[in-house]
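Student: I have a new model open and would like to learn how to read it. Could you walk me through it, feature by feature?

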Amino acid sequence: MTVSSASFNDRLARIEKTRKSAKGRIQLHIGDQEAWVANDSAMLRQVIAKTRHSRLAVFKVLPALMVGAIGMMVVTALKMRFLTPELAEKVGSNPDLVLVVAAVLTAFGLGMMLRLASVKLMAVQLLGVALAFVGLHNIAFWQPDMAALAFTPDWVEQQTAQFEPRTLRYAETTIRF
C-alpha cells in the first residue's frame, strides 16, 4: 500500500487548475493516454446559442405553397400527355391517390432542390398539393389557352364541362369562392 504525501488541499488545487484550463472540456485518462471531450453543459450552451430561425424564414411559406401547386400541375400535365389506357389499368381503381402521391413526391423533390425542406415547409407544400388538387380546374376557366398548352385541349374541355368556375371541389363537395 502506498501512502500519498500530497495533502487533500493540494489535490483540490491541482484539480481546480486543470478545470480552469479545460474550458468546458473534460479530461479523460484512458490507460496512459489522455483524451479531451466536450462537457454536456458546454455542448448544451453551444446548441442554445445557435440561431434556429431567421426572421426571413416566413418568406419561404409562399414559395413552398407554390412548389406544392407546381408539383400537382407537373404531375397532371404528365398524366394528360403520357398516360395510356394500358397504364391506367395498371394504376388501379384509385388514380387520384396515385396522382396526389406523385405530386407530393414531386413537390418534396423540388422543395429539396430549392432548400425548402424543413418539416413545416413540407407541410405547406402538402397544403399546396391539396389546394391544387381541389382547385386546378379553375385554370381551365381563367386561362384556357395556357391550360391547353400546359395540359391538353381535351383536359380544358373536360374541366369546363365537368366543373364550375371559382370553386374548390373534392368528390361531391363543392365550395364556391
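Tutor: Happy to! Let's begin with burial: a residue counts as buried when its relative accessible area is under 20%, and as exposed when that value is over 50%. Keep in mind that this is a predicted model.

Student: With that cut-off, what percentage of the 177 residues of the protein chain count as buried?

Tutor: The share is 21% of the 177 residues. Beyond its neighbours within four places in sequence, Gln159 is in contact with His137, Ala140 and Phe141.

Student: How many helices and strands are there in the protein chain?

Tutor: You will find 9 helices and 4 strands. Read from the N terminus, the order is α-β-β-α-α-α-α-α-α-α-α-β-β.

Student: Let's turn to helix packing. At what angle do helix α3 and helix α5 pack?

Tutor: Helix α3 (residues 61-82) and helix α5 (residues 95-113) pack at about 130°, and their axes are 8 Å apart. That angle makes α3 oblique to α5. The crossing of these two helices is right-handed.

Student: Which residues in α3 and α5 meet?

Tutor: From α3 come Val67, Gly68, Ile70, Gly71, Met72, Val74, Val75, Thr76 and Lys79, and they meet Leu99, Ala102, Ala103, Thr106, Ala107, Leu110 and Gly111 in α5. Sorted by class, this contact has 10 nonpolar, 5 polar and 1 charged residues. Now look at Val98, which also lies in helix α5. With a relative accessible area of 41%, Val98 is partly exposed. From C-alpha to C-alpha, Val98 and Val75 are 10.0 Å apart in space, while 23 residues separate them in sequence.

Student: And how do α5 and helix α6 pack?

Tutor: Helix α6 spans residues 119-135, and α5 packs with it at an angle of about 140°, with axes 10 Å apart. The two are therefore oblique to each other, and α5 passes α6 in a right-handed crossing. On the α5 side the contact is made by Asp96, Leu99, Val100, Ala103, Val104, Ala107, Phe108, Gly111 and Met112; on the α6 side, by Met122, Gln125, Leu126, Val129 and Phe133. By class, these residues divide into 11 nonpolar, 2 polar and 1 charged.

Student: How many salt bridges does the structure hold?

Tutor: Look for a side-chain nitrogen of Lys or Arg within 4 Å of a carboxyl oxygen of Asp or Glu. The structure holds 2 salt bridges. One of them pairs Arg176 with Glu164, with the closest N and O atoms 2.9 Å apart. Arg176 lies in strand β4 (residues 173-176) and Glu164 in the loop between α9 (153-162) and β3 (167-170), so this pair ties together parts 12 residues apart in sequence. Arg176 counts as exposed at 55% relative accessibility, and Glu164 is partly exposed at 40%.

Student: Which residue forms a salt bridge with Arg169?

Tutor: That is Glu172, with the closest N and O atoms 3.6 Å apart. Arg169 counts as partly exposed at 24% relative accessibility, whereas Glu172 is exposed, with a relative accessible area of 70%.

Note on methods. Residues numbered from 1 in each chain as written. Predicted model: local features only at pLDDT ≥ 70, side-chain atom pairs only at ≥ 80, totals over all residues. Heavy atoms only, no water. Buried < 20%, exposed > 50% of the residue type's maximum accessible area, 1.4 Å probe, protein only. Axes fitted to C-alpha atoms, helices over the stretch in contact; angles between N-to-C directions. Parallel < 35°, antiparallel > 145°, perpendicular 65-115°, else oblique. Left-handed = near helix turned anticlockwise from the far one by under 90°. Contact = heavy atoms within 4.5 Å. Nonpolar A, V, L, I, M, F, W, Y, C, P; charged D, E, K, R; others polar.
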